[in-house]
Amino acid sequence: MSNDGKITGAAIVSHHPGLMQTDEFRLTDGAGRDSDLIEGYKRLRARIDAARPDIIIIFDTHWFTTGYHLLAGAQGYRGNYVSDEMPWYLHGVPYDYRGAPEFADLIQQVAEEREVMAMSIKDPALPQHYATVNLVKQLNLTEQVLTASNCQNCESHHFLEMGAVIGEAIRRSGKHVVLLASGALSHKFNPIDWVRKSPRIFDAANVSSEANIKSDLEVVELFKQGRHDVIVDRFPTVYAKIPWEGLGGHYLQMVGAMGGRDCRAKGTVLSEYENARGTGNIHIWFEG
């Protein structure tokens, strides 16, 4: 098997449900201006096109698993998505995309060699989650797509280990791969009866707390500098306690595949930093 596979790009990507609503809905909620994350998807799609991946891995912060890191290993997935979280708001989203079963098997093989708890699940009826479906739709993903789960009884170092497994599988595969960490930074929701500080719902002022805004913006600066070592070192004691979405499993697996704390890939901001029900959202691209 060829050993010239490589990561040709990576990104932290917002998937929040408001981005799936109509243009009119978003303009109304945005006080006359759309979320910049929408235009950010177009900027990100251009980066993906330039990276020319064979496979796109989505680290899905909504696919919670227990006891194992899982990979969606079927030939493909087709259906009509309705969210069990907010079915009145997010429903009727068709999806039809190709999987990457051989690559999922290779990741499982590397995991077994390293005694990391991971496996590929072949059942095409495996439920999908909007952290994957929204990206498939908004980014018009026609490439093979492999979704990786967010194992909820993992700590930061376990996510990094799984990322390293995926990085090794990429090297062995001979494939060009783009990694998408699908989720927010700080992920604390506003109460059900919250009152907006700004009439524009996407305004960062509506994020859950000033402390979380400050933390998120500090992290964005560290991303821009490529200081993943600082972020990784702080994760167990700082960011996991804020917390980030999915305890940061999306970012930690992504950066684990890119070298962990040794990664120095500098981030390019592709959208404004925005609120979504109190959570901090942004698109950031990292060259492979």
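**Figure 1. Lining of the largest cavity in the predicted model.** The largest cavity is lined by Asp-60, Trp-63, Ala-72, Leu-126, Pro-127, Gln-128, His-129, Thr-132 and Thr-147. The structure shown is a predicted model. About 40 Å³ of space lies in this cavity. A search of the whole structure for cavities of 30 Å³ or more finds one. By class, four of the residues lining the largest cavity are nonpolar, four are polar and one is charged.

**Figure 2. The second largest pocket and its lining.** The volume of the second largest pocket is about 190 Å³. Its lining includes the run Asn-80, Tyr-81, Val-82, Ser-83, Asp-84 and Glu-85. Pro-127, Gln-128, His-129 and Tyr-130 also line this pocket, as do His-62 and Tyr-95. Five of the lining residues are nonpolar, five are polar and two are charged. Pro-127, Gln-128 and His-129 are also among the residues that line the largest cavity.

**Figure 3. The largest pocket.** The largest pocket has a volume of about 590 Å³. Its lining consists of 29 residues, and those nearest the pocket centre are Pro-17, Met-86, Tyr-89, Ala-276 and Arg-277. Helix H1 (23-29), strand S2 (55-65), strand S10 (274-276) and strand S11 (279-281) are the elements that each give two or more residues to this lining. Sorted by class, the lining of the largest pocket holds 13 nonpolar, ten polar and six charged residues.

**Figure 4. Arg-277, between strands S10 and S11.** Arg-277 sits in the loop that links S10 and S11. Its phi is near 55 degrees, a positive value in a residue other than glycine. Arg-277 has a relative accessibility of 35% and therefore counts as partly exposed. Arg-277 is also one of the residues that lie nearest the centre of the largest pocket.

Figure 5. Glu-115 belongs to the loop between helix H3 (101-114) and strand S6 (118-121). Although Glu-115 is not a glycine, its phi is positive, at about 60 degrees. The relative accessible area of Glu-115 is 74%, so this residue is exposed.

Figure 6. Leu-146 lies within strand S7, which covers residues 144-151. With a relative accessibility of 0%, Leu-146 counts as buried because the cut-off for that class is under 20%. Leaving aside residues up to four places away in sequence, Leu-146 touches Ile-56, Ile-57 and Ile-58, along with Leu-71 and Ala-72. Ala-100, Phe-103, Ala-104 and Ile-107 are also touched by Leu-146. Phe-286 is 140 residues from Leu-146 along the chain, and the C-alpha atoms of the two are separated by 19 Å.

**Figure 7. The cis peptide bond at Pro-243.** Ile-242 and Pro-243 are joined by a cis peptide bond with an omega of about -10 degrees. Pro-243 is located in the loop between helix H7 (228-234) and helix H8 (249-257).

**Figure 8. Helix H8 and the glycine that follows.** Nine of the nine residues of H8 are buried, so this helix is largely enclosed by the rest of the structure. The buried residues of H8 are Gly-249, His-250, Tyr-251, Leu-252, Gln-253, Met-254, Val-255, Gly-256 and Ala-257. Gly-259 follows H8 and has a positive phi, near 115 degrees.

**Figure 9. The whole chain, for orientation.** The chain has eight helices and twelve strands. Its C-alpha trace spans about 55 × 40 × 35 Å along the principal axes. For 288 residues, a compact globule would have a radius of gyration near 19 Å, and the value of 18 Å for the chain agrees with this. Of the 288 residues, 59% are buried. Among contacts between residues at least 6 apart in sequence, 80% join residues at least 24 apart. The chain exposes about 12300 Å², and carbon and sulfur atoms supply 51% of this area.

Notes. Residues are numbered from 1 along each chain as its sequence is written. This is a predicted model: local features need pLDDT of at least 70, side-chain atom pairs count only at pLDDT 80 or more; totals for chains, interfaces and linings use all residues. Side-chain values use heavy atoms; hydrogens and water are left out. On a 1 Å grid over the protein atoms alone, a cavity is a set of points where a 1.4 Å probe fits but cannot get out, and a pocket is an open set with protein on both sides within 12 Å along at least five of seven lines; lining residues have an atom within 4 Å of a point. Grid points are joined across faces, edges and corners, and a volume is the space filled by probe spheres set on the points. Helices (H or I, at least four residues) and strands (E, at least two) are DSSP runs, numbered from the N terminus. Ala, Val, Leu, Ile, Met, Phe, Trp, Tyr, Cys and Pro count as nonpolar, Asp, Glu, Lys and Arg as charged, and the others, Gly among them, as polar. The radius of gyration is taken over C-alpha atoms; the globule rule is 2.2 Å times the number of residues to the power 0.38. Buried means under 20% relative accessible area, exposed over 50%, partly exposed in between (1.4 Å probe, protein chains only). Contact means heavy atoms within 4.5 Å. Accessible areas come from the Shrake-Rupley method with a 1.4 Å probe; for residues, only the protein chains shown count as cover.
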